[in-house]
Amino acid sequence: MKPFSLRLVAWEMTRRCNLKCIHCRAGACDGIDPNELTYQEGIRLIDGIREQGAPILIMTGGEPLLRKDFFELADYAIRSGLRAVLATNGSLVTLELAREIAAVGIPRASVSLDGPTAQYHDLFRGVPGAFKSSLHGIKMLRAAGVGVQINTTLTRRNRHQLPEMIKLAEKLDAAAFHVFLLVPTGRARDMSGEEMGPEEYEQTLLEFYQIGRKTKLETKATCAPQYYRILRQQLAREGIEVTESAFGLNAHTRGCLGGLSFVFVSHTGDVQPCGYFDDKAGSIRENSFSHIWLESELFQELRNFKRLEGKCGKCDYIRFCGGCRARAYELTGRRMAEEPYCAYQPPAFTKTGSGSC
């Protein structure tokens, strides 16, 4: 694989959503933005992505199932050679809809659950009954033969429920359980008091590693690049080699993929390193997707690890982590600033007497 070849694209097909999540990066609401990409623009986007190979296309939102041409676009993407997957809140999925999802060729749907009970999940989602309807949607997807991935955003509010969340994912016959660490963008800016500090962040990721070693589920951490340092530190202590057969995606991925092998395309066609990174590399309404991916100044900067600042630039785990660029940018206004919530002190950084974050 070529350096910085495109592996994942998340397309925010719409910002319309039937829920009102307190941590929504998009500030989604129950209304259609008249500026969202048209069907024909969506087709051109898919063609542009296909020019860069056959990456996974994550069809997300908002709630993508609220887009009337969702299945037409999914069908076109799959027939074009992309592996299209669905990111949904699950609450709208009936058995009939699940069968349509399976029939069009979508192999997996990720469904967000932010607590093991309605008490926690509904509070995050802002709508009573969201937990019950999402569980029903998951069961319908499994009944139709669609693989399910459970996504959980962790904050101080629910981090202690990790063991219960894993048990629930196993009970629901999920294939994977992925955690997301809160990034203070969108409505999540109002949750700053619920963000974990460096030490709590570290402890939570260590616990996630330990849980992941005991479950048969595929586990992965997103917006938590330090996890890939912690994984290697723990395995080195145990004398275990990091191999793909034993650790799947975690063996050959790195922490922050934004602009390196992953991009996010907004509902209006803006191309960003990720959905949480509120900086634009370009617009597909102004330039081709390929031009933006290959030539944008923003992506070129992110691909130059020598420009990483502070302890990120001197870290011995730079290949595996890189720090969360979105979190650094949100808090400092600098794309390459050091990760603000990392507890690790690289030996090379400590020797220079440069201090800590």
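Modeller: Let's begin with E41, which touches E36, I284 and R285, leaving out residues up to four places away in sequence; touching, or contact, means heavy atoms within 4.5 Å. This is a predicted model, in which local features need pLDDT of at least 70 and side-chain atom pairs count only at pLDDT 80 or more, while totals for chains, interfaces and linings use all residues. Residues are numbered from 1 along each chain as its sequence is written, and side-chain values use heavy atoms, with hydrogens and water left out.

One of those partners, R285, also meets E41 through a polar contact between the two side chains, at 2.9 Å. Such a contact is a pair of N or O atoms within 3.5 Å; within protein, one must be able to donate a hydrogen and the other to accept it, and residues adjacent in sequence count only if both atoms are side-chain atoms. E41 counts as buried because its relative accessibility is 14%, where buried means under 20% relative accessible area, exposed over 50% and partly exposed in between (1.4 Å probe, protein chains only).

E41 sits in helix α1, residues 39-50. Helices (H or I, at least four residues) and strands (E, at least two) are DSSP runs numbered from the N terminus.

For a strand residue, turn to L8, part of β1, residues 8-12. Beyond its neighbours within four places in sequence, L8 is in contact with P55, I56, I58, L257, S261, F262 and V263. The C-alpha atoms of L8 and F264 are 8.6 Å apart, although 256 residues separate them along the chain.
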